[in-house]
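Let's take a walk through this structure, starting with the overall contacts and ending at one pair of packed elements.

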4 protein chains.
Amino acid sequence: MDDKKRSITLSAINVFQEKGIEKAKVSDIVKGAGIAQGTFYLYFPSKLSVMPSIAEVMVEKTLEELTKNIDEKASFKIQLEQLINSVFELTKNYREILALIYAGLASSEHLQEWEAIYEPYYAQIDKMLNRALINGEIRQSIQTKQIASILLGLIESAADQSYLYDSQNDEKIAQKKRDVFEFATHALFN
Amino acid sequence: MDDKKRSITLSAINVFQEKGIEKAKVSDIVKGAGIAQGTFYLYFPSKLSVMPSIAEVMVEKTLEELTKNIDEKASFKIQLEQLINSVFELTKNYREILALIYAGLASSEHLQEWEAIYEPYYAQIDKMLNRALINGEIRQSIQTKQIASILLGLIESAADQSYLYDSQNDEKIAQKKRDVFEFATHALFN
Amino acid sequence: MDDKKRSITLSAINVFQEKGIEKAKVSDIVKGAGIAQGTFYLYFPSKLSVMPSIAEVMVEKTLEELTKNIDEKASFKIQLEQLINSVFELTKNYREILALIYAGLASSEHLQEWEAIYEPYYAQIDKMLNRALINGEIRQSIQTKQIASILLGLIESAADQSYLYDSQNDEKIAQKKRDVFEFATHALFN
Amino acid sequence: MDDKKRSITLSAINVFQEKGIEKAKVSDIVKGAGIAQGTFYLYFPSKLSVMPSIAEVMVEKTLEELTKNIDEKASFKIQLEQLINSVFELTKNYREILALIYAGLASSEHLQEWEAIYEPYYAQIDKMLNRALINGEIRQSIQTKQIASILLGLIESAADQSYLYDSQNDEKIAQKKRDVFEFATHALFN
DNA sequence: AATGAATGAGTATTCATTCAT
DNA sequence: TATGAATGAATACTCATTCAT
């Protein structure tokens with residue numbers, strides 16, 4: 001991605017995160033990117049058209065996070081725990097921006113492009129499940145591809161529930177993680 | 001709920017659904033409700049403050065749906081299937097409006113009020129799980145209260161994935177339901 | 001004046017004083033008067049049409065003040081001092097409302113009615129000057145009627161200057177009064 | 001002053017004068033200035049915030065007028081007459097706009113800025129009085145600075161009384177000028 | 001490519017006034 | 001008379017986008 005395009009995108013992530021889609025002003029975005037108002041439109045045709053770029057960056061960040069935190073050689077149980085921790089962490093940091101992308105569906109005409117966002121996630125989980133299947137760590141009846149999206153949905157929704165309201169304390173969140181882990185474990189093993 | 005307040009809320013649901021939060025005009029809402037512009041502000045202090053009322057109505061609809069579709073006397077497996085069907089159905093019909101409510105979190109300052117929204121859902125699932133626990137239909141180590149929210153999150157996220165893109169066909173959706181059912185079954189039984 | 005009309009007028013004085021003409025709401029006025037919104041319109045055809053009633057009340061208050069504070073039997077010098085004190089006091093308490101009445105000229109179509117407001121003031125001063133003239137306390141070339149308005153204008157403008165900005169302290173104000181007294185004395189005597 | 005800012009200010013003076021503060025529309029002001037609606041807000045944050053600029057322009061006009069009409073080398077009596085004529089003339093032409101500025105005090109939060117408006121006037125009169133004092137044309141006990149504001153107040157209030165109601169005819173106004181002149185003369189000379 | 005001043009369409013909200021009771 | 005819910009006209013201000021430099 002062009003250097004300037006990238007800095008606009010990063011600034012946009014910040015601004016959208018802080019103010020939400022509606023209240024985010026192009027003037028804030030360009031201020032954050034250190035460019036002039038007009039320059040924005042050399043790189044993006046409209047305010048909402050930054051969204052796909054944002055998604056791209058988010059996917060990057062996510063895969064980095066997963067790669068960094070999931071030990072390829074560990075047992076599936078360990079990997080599952082690492083996956084839960086990673087998703088919770090990502091949700092904590094980027095819940096608003098992810099919700100934004102989701103909400104962007106309504107506001108923009110970029111629906112098609114979003115479809116690709118989750119693919120890399122799913123592929124990563126799918127790979128994990130496959131290895132576990134081969135190693136006999138999960139039941140053989142598991143259809144890894146289908147279960148991948150279901151498993152990720154499960155973890156994400158739990159993380160969402162945890163971080164939606166700031167009132168949640170750390171202990172409750174830790175408990176939620178353990179609950180999800182146990183729930184998923186029973187679902188996959190046996 | 002006051003009769004006029006209710007008709008404003010119902011009209012708002014329609015308008016928000018059709019145009020999205022941003023493009024929804026108060027003038028459209030009042031037109032739909034058959035009242036004057038100023039009357040709106042006798043019942044709600046601002047455009048976004050209708051959201052909690054919308055949520056209230058949605059909860060009503062949802063509980064009606066669950067009550068109607070879940071057979072209290074059926075086995076837990078049957079009930080789980082009915083729950084999945086109901087949530088998928090609700091998601092299909094109201095995904096936009098639910099996303100709206102969720103997005104409303106960011107835009108408005110009504111965060112506190114939303115926290116109560118899911119309570120009745122969870123309570124319903126909790127009751128289901130409890131009966132199943134007593135009847136020995138699910139494993140005894142289940143903490144029904146915690147699992148209720150996780151289970152609902154699981155089903156909802158799967159439904160979301162199914163209806164996010166209209167490209168999904170019926171067969172895929174049916175398959176998704178079966179997958180979720182099996183996943184949840186393994187997680188809860190044993 | 002009808003009792004209710006009077007209580008509306010008194011409330012209007014308060015509200016106009018606190019918020020200014022533009023920001024004064026009829027709803028505030030009726031709240032202060034302890035009546036319903038619609039009742040206002042049984043006594044006044046519009047918001048601005050309270051103005052003449054306000055003027056009436058202000059004239060009342062002013063004449064009371066002058067009568068109370070100016071000793072009919074005192075020498076003209078003493079009376080002049082008392083007049084200055086009274087006008088300063090009235091200005092301090094009612095500057096906004098007097099400015100309002102003045103500004104009301106622009107906003108309302110009640111121009112004609114305002115013309116009468118100052119008459120009683122002038123008449124009072126005229127009477128004072130006349131007595132002083134007869135007693136030989138001021139120069140014989142004074143045309144009392146003309147000078148009355150000029151004298152009152154002099155004192156009022158000084159008072160205005162004193163109270164326009166709250167920054168003025170008591171000592172400065174006392175000095176202003178002495179200056180005006182001396183100025184007027186030289187103008188009238190000799 | 002920036003060229004565009006000035007043209008907005010001049011247009012605002014016209015519009016305020018014609019319609020009053022309340023009914024003056026920003027859309028009228030920008031039309032008169034030949035700019036777009038949004039451009040107004042590049043130069044002024046709100047409708048009322050043009051007021052200080054208007055005051056600035058008025059001060060300019062006034063000082064020009066005084067400089068033009070008061071003969072620096074004439075005797076104080078002549079200068080006083082010229083001052084009275086100038087103030088009456090200015091009041092005649094700009095009474096509404098001056099009242100507006102005064103009223104602006106109540107409506108806006110620009111009170112502080114107005115305090116400076118009259119300074120140049122006073123300074124001008126002070127200078128006049130000083131020269132007269134040195135030349136022995138007025139009594140030596142005159143405190144020029146204090147008397148300057150009182151004298152200007154006297155003349156302005158007389159002018160206000162003259163032009164407040166359009167019914168006043170030229171002869172009455174000429175008489176008023178003579179009365180003020182005599183009043184001031186007696187007050188200052190001796 | 002970059003700038004940033006200028007544009008002008010678009011709308012939530014207020015509040016004086018009305019009117020059915 | 002009195003009420004107060006309902007009305008709906010009216011407008012300041014914002015901000016995405018454009019364009020002359």
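Of the contacts in chain A with a separation of 6 or more, 62% link residues 24 or more positions apart. Keep in mind that this is a predicted model. Buried residues account for 33% of the 190 residues in chain A.

What does the secondary structure of chain A look like?

Now for the domains. Chain A splits into domain 1 (1–45) and domain 2 (52–188), and the centres of these two domains of chain A, taken over C-alpha atoms, are 28 Å apart. Where they meet, seven residues of domain 1 of chain A are in contact with eight residues of domain 2 of chain A. On the domain 1 side, the touching residues divide into four nonpolar, two polar and one charged.

Next, hop over to chain B and find helix 4 (residues 51–69) and helix 7 (residues 119–134). They pack at an angle of about 15°, with their axes 10 Å apart. Angles under 35 degrees count as roughly parallel, and therefore helix 4 of chain B and helix 7 of chain B are roughly parallel to each other. The crossing of these two helices of chain B is right-handed. Helix 4 of chain B brings B:V59, B:T62, B:L63 and B:L66 to the contact, while helix 7 of chain B brings B:P120, B:Y121 and B:Q124. By class, that contact has five nonpolar, two polar and no charged residues.

Conventions
Residues numbered from 1 in each chain as written. Chains lettered and ligands numbered in written order. Predicted model: local features only at pLDDT ≥ 70, side-chain atom pairs only at ≥ 80, totals over all residues. Buried ≥ 20, exposed ≤ 12 C-beta atoms within 10 Å, placed from the backbone. Contact = placed C-beta atoms within 7 Å. Domains from an automatic or database assignment. Nonpolar A, V, L, I, M, F, W, Y, C, P; charged D, E, K, R; others polar. Axes fitted to C-alpha atoms, helices over the stretch in contact; angles between N-to-C directions. Helix = DSSP H or I, 4+ residues; strand = E, 2+ residues; numbered from the N terminus. Parallel < 35°, antiparallel > 145°, perpendicular 65-115°, else oblique. Left-handed = near helix turned anticlockwise from the far one by under 90°.
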